[in-house]
Amino acid sequence: MSGGAERRLPGHYLKAREMYSLPGLVEYRPVARYLFSAGQAQSRFLDGLKEGRILGKRCPRCGRVYVPPRSYCEYCMAPTSDWVELPGTGEVHTAVVSYISTFRERMEKPEIVAVIKLDAPGYTEGGYEFAGLFHKLCNIEPEDVMSGRAIGMRVKPRWRPPEERKGDVNDIECFEPIES
Amino acid sequence: MRPNIHVKSKVAVVGAGLTLFRRRMLETPRELAWEAASMALESAGLTLKDIDCVVIGTAPDAFDGVHLNGEYLADGAGGINRPTVRVYVGGGTGVFVPIAAWWHVASGLCRTVLAVAEEKMSPGHPHPQGVFAYIWDPVLERPLGPNLIWIFALEMRRYMHKCGARKEDIALVSVKNKANALGHPAAQAAARITVEDVLNSEVLVWPVNRLDISPVSDGAAALVLASENEARRITDSPVWVEGVGFTLDNTHWYNRELGYPRYVQYAARMAYKMAGIERPWREIDVAEPYDPFDYKELHHIEGLMLARPCEAPKLLKEGHFNRDGDLPTSPSGGLLGVGNPIAAAGVMKVAELFWQLRYEAGARQVKKPVHRGVAQAWGDLMQAGTVIVLGN
C-alpha cells in the first residue's frame with residue numbers, strides 16, 4: 001500500500017444513534033468490589049493525617065524523605081528507617097482549574113487541583129525529585145492559576161476538624177495560601 | 001547500528017497495515033486486529049505461514065472491556081499455535097510493540113514477527129474517561145475524585161510556567177498536526193483549524209481545551225519485522241531498526257518536576273547510543289513524538305533532545321517542525337489528527353516512519369531527504385518512555 005495513501009482502509013464506523021440500535025448490542029456493567037489495605041508505610045501516614053500531622057519516611061542511605069512515605073527506598077532498595085514530621089508547608093508546583101468530574105460531567109463550580117511541593121529535608125533545591133502531594137487548593141481564584149500567580153505560592157494544609165477526620169487524604173480539606 | 005550491543009541479526013521493518021481510526025467501529029477488537037495484521041502481511045508479500053512469532057499490544061483491558069485482552073486478540077493477530085506475547089506500558093505500548101518485536105528477532109529466537117496493536121475506546125460509555133478512574137492509586141488518589149485530564153493539565157501548566165510558553169504557542173501543535181493528517185487515509189480528526197479555534201473550544205481543565213486533546217478512537221495497526229536475511233529476501237527497501245530504548249519511572253508522578261520528561265530522555269539516550277547517534281537534533285531527519293495532547297509533542301521533542309529544554313515552542317513558531325521544515329514532527333498528523341486508539345496510535349507512528357523512510361508517504365512525504373527517523377510514545381501515570389530509531 002503505497003504509504004496508505006491511495007487505498008481505502010478497512011473498518012466501518014457508526015454514528016452514536018446507529019450504535020445504540022445495533023442488533024446484538026450488549027450493555028454490561030462490571031460489579032467488582034475491593035478492600036484495599038494501605039500497607040505498612042501509608043497506614044501510619046494516614047494515622048498521622050488523622051492527628052493533623054504530615055509524616056515522611058527517610059532513607060538511611062541517600063537521605064531522601066519520602067512523602068507519601070514508602071517502606072523502602074526506590075533508588076537504594078534499602079528499607080526506609082525513621083519517621084520525620086514535616087511542617088506541612090510547601091509551594092505550589094503546578095495548579096489547574098477543572099470544569100469536569102471524574103466521569104467528564106460538567107461541574108457547576110470549578111475545582112482547583114495542584115501538585116504541592118512540601119518543605120522536606122533530603123532533596124537538592126530545584127532538583128527533579130521532591131516530597132509532595134496531589135491535592136486541592138482553596139482560597140485561590142481561577143485567575144491566579146491562569147495568570148501564574150498561584151505557581152510557587154506558599155501554602156499550608158487546611159485540616160478538617162479532628163472529629164471529622166477519618167484517616168484518609170481528605171482529612172486535609174485542601175491546601176491554602178499562607179497569609180503573609 | 002553500532003557494535004555496542006550484540007545481536008544475532010539486524011532487524012528490519014518490512015510491512016505495515018492500518019484500519020481506519022474512528023470513534024465507534026462496528027468491528028470487534030479481534031476483527032480490527034485481523035484487518036491490520038492481514039494488511040501488514042500483504043504489504044510485505046507474506047502469509048501467516050511465513051511468521052514465526054507474534055507480539056500484541058493493547059492498553060488497559062478496561063477499554064476493550066475484556067480481561068486477558070492479549071489472549072482475546074491472539075487469533076485475529078495471527079498468534080495462535082505460535083510464540084505469542086502481549087506487552088503493556090499504558091500509552092507507551094504502541095512503540096513498545098515494535099521494540100519487543102525487535103528483541104524477538106535480534107536475539108535469534110524468531111526470524112519474522114507480526115507486531116499488532118489494537119484499541120477500542122468507544123465501548124466505555126457514555127464516555128471512556130470514566131474507565132481511567134481505575135488507574136489511580138486507590139488509597140492516595142481515588143478519594144480525591146481525579147480525572148485523567150487533570151494530570152495532563154497539571155503537567156501542561158508546569159511546562160508553560162517553566163518555559164514561559166503561552167496557550168497560543170502550544171495550540172500551534174494542534175493546528176499543525178490536524179492539517180498534516182489531511183493526507184492520512186486513517187485520519188479521524190484531520191482539519192484546517194486556527195489557533196483561535198483551539199482557544200475557543202470548550203475548556204475542560206484549564207489550560208486544556210477540547211482541541212488541545214486527541215479524540216476518542218477505535219482502530220488497529222500492525223507491522224512485520226524480519227531478520228536481515230529474511231528482510232533482504234522480502235524487499236529491496238527494508239527499513240532498519242537502528243536503536244530501541246525504554247524506561248519507567250515510578251507512579252508517584254507528583255514527586256517529580258513535571259516540566260521535563262526525564263524518563264523519555266533516558267529512553268532516547270539508550271536508543272541513540274545503540275544507533276550511534278550523538279547529536280540527535282542534527283542526525284534525525286523526521287520524528288513522530290507522542291502527541292495525545294498538543295503540549296506533549298513539545299515536551300517530548302525536548303525529552304528526545306531534538307530541541308533544548310524550553311526551546312521547542314520557539315522552533316515550532318519558526319516552522320522548524322512543519323512538513324517542509326528542517327525537522328518535521330508528526331508528518332502523519334499524529335494522535336491529534338489521525339486519532340488515538342492508544343496502542344494502535346503508537347504503531348501508526350512507527351508505520352509512518354516506515355513509509356517516510358521508503359519515500360512512500362505520498363501527500364504526507366516530508367520535503368527533505370530522509371535517512372533516519374525517531375518515534376516515541378509515553379504512558380502510564382506520566383512515567384513511561386518508549387523510543388525507536390529507524391533508518392533506511
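Which residue is the bridge partner of A:Ala114 in E6(A)? It is A:His135. The model is predicted: local features need pLDDT of at least 70, side-chain atom pairs count only at pLDDT 80 or more, and totals for chains, interfaces and linings use all residues. Residues are numbered from 1 along each chain as its sequence is written, while chains are lettered from A and ligands numbered from 1 in the order in which they are written.

Start with the strands of chain A. Helices (H or I, at least four residues) and strands (E, at least two) are DSSP runs, numbered from the N terminus. Two strands pair if DSSP finds at least two bridges between them. Strand E4 of chain A (residues 90-100) runs antiparallel to strand E5 of chain A (residues 106-118), with nine bridges. Here A:Val92 faces A:Ile116 of E5(A). Five residues lie between the strands of this hairpin, and A:Arg104 has a positive phi near 70 degrees. E5(A) is also antiparallel to strand E6 of chain A (residues 132-137), through six bridges.

Now turn to chain B. Contact means C-beta atoms, placed from the backbone, within 7 Å. By that rule, 52 residues of chain A touch 54 residues of chain B. On the chain A side, helix H1 (16-20), E4, E5, E6 and helix H3 (142-147) each give two or more residues. E4(A) gives the most, with eight residues. This side holds 30 nonpolar residues (Ala, Val, Leu, Ile, Met, Phe, Trp, Tyr, Cys and Pro), seven charged (Asp, Glu, Lys and Arg) and 15 polar (the others, Gly among them).

Two bridges link E4(A) to strand E5 of chain B (residues 203-206), in antiparallel fashion. A:Val97 sits opposite B:Trp206 in E5(B).

Key
Contact = placed C-beta atoms within 7 Å.
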